[in-house]
Amino acid sequence: MRPKRSFRFAIWSLISSTVSIWSILAITNWSGHSLLIGSFGATAVLLFAVPEAPLSQPRNLIGGHLISATIAVILVAVFGTNFFTIGISVGLSIFVMYLTHTLHPPGGATALIGVMGGAGIDFIFVPVLVGAIILLMNALFVNNFVHHRKYPVVWF
């Protein structure tokens, strides 16, 4: 039997994820640097719908995205964007995230986005690191703003 769902939790997930994506867009508009990538939508699901999950914790959030972005950049630099690198980027990201205890499912999408976009070294920092930090800051604020949530459960 499925556990009962909290309407209050669902509403707060709706509000906090919406505001978090808006904050990335606002900083994009202010800075002129595109900071929003598709994998951040999946990250928002983890941070604001299951903030207590191991895959949602800061180590996984930051580490998973950075590892995956780095793998994408290396693959593009060495092999270019092709059938091989598109596929191996996701598998290799999962492999390294798993071994480093930084598994974050949206990281696989970050690697895929990076390779398909022909990412250069700047991809690791803008949009990936900056966007992940914005999401982390939002998660720290909104998940501790109300009494029915606590984030993070563990930092490292």
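This report describes helix packing, a surface patch and some backbone features in a predicted model.

## Basis of the description

The structure is a predicted model, in which local features need pLDDT of at least 70 and side-chain atom pairs count only at pLDDT 80 or more, while totals for chains, interfaces and linings use all residues. Residues are numbered from 1 along each chain as its sequence is written, and side-chain values use heavy atoms, with hydrogens and water left out.

## Helix 4 between two partners

Helices are DSSP runs (H or I, at least four residues), numbered from the N terminus. Helix 3 (58-79) packs with helix 4 at an angle of about 145°, their axes being 9 Å apart. Axes are lines fitted to C-alpha atoms over the stretch in contact, and angles run from 0 to 180 degrees between N-to-C directions. This crossing is right-handed, a term used if the near helix is turned clockwise from the far one by less than a right angle. From helix 3, residues G64, I67, S68, I71, L75 and F79 meet F84, T85, I88, S89, L92, S93, V96 and M97 of helix 4; contact means heavy atoms within 4.5 Å. By class, the contact has nine nonpolar, five polar and no charged residues. Here Ala, Val, Leu, Ile, Met, Phe, Trp, Tyr, Cys and Pro count as nonpolar, Asp, Glu, Lys and Arg as charged, and the others, Gly among them, as polar.

Helix 4 (residues 83-99) also packs with helix 5 (residues 106-116), at an angle of about 145° and with axes 8 Å apart. This crossing, too, is right-handed. Helix 4 contributes T85, I86, S89, V90, S93 and M97, and helix 5 contributes G107, G108, A111, L112, V115 and M116.

## A nonpolar surface patch

I74, V78, F79, F84, I88, L92, F95, Y98 and L99 make a nonpolar surface patch of about 920 Å². Such a patch consists of residues with over 30% relative accessible area and no salt bridge, with nonpolar side chains joined within 5 Å. Accessible areas come from the Shrake-Rupley method with a 1.4 Å probe, and a salt bridge is a side-chain nitrogen of Lys or Arg within 4 Å of a carboxyl oxygen of Asp or Glu. Helix 4 gives the most to the patch, with six residues.

## Backbone features

Most residues other than glycine have a negative phi, and most peptide bonds are trans. H101, in the loop between helix 4 and helix 5, has a positive phi near 60°.

Cis peptide bonds join V126 to P127, with omega about 25°, and Y151 to P152, with omega about 0°. P127 is in helix 6 (residues 122-145), whereas P152 is in the segment after helix 6.

Key. Helices (H or I, at least four residues) and strands (E, at least two) are DSSP runs, numbered from the N terminus. Patches are made of residues with over 30% relative accessible area and no salt bridge: like charges are joined within 9 Å, nonpolar side chains (Val, Leu, Ile, Met, Phe, Trp, Tyr) within 5 Å.
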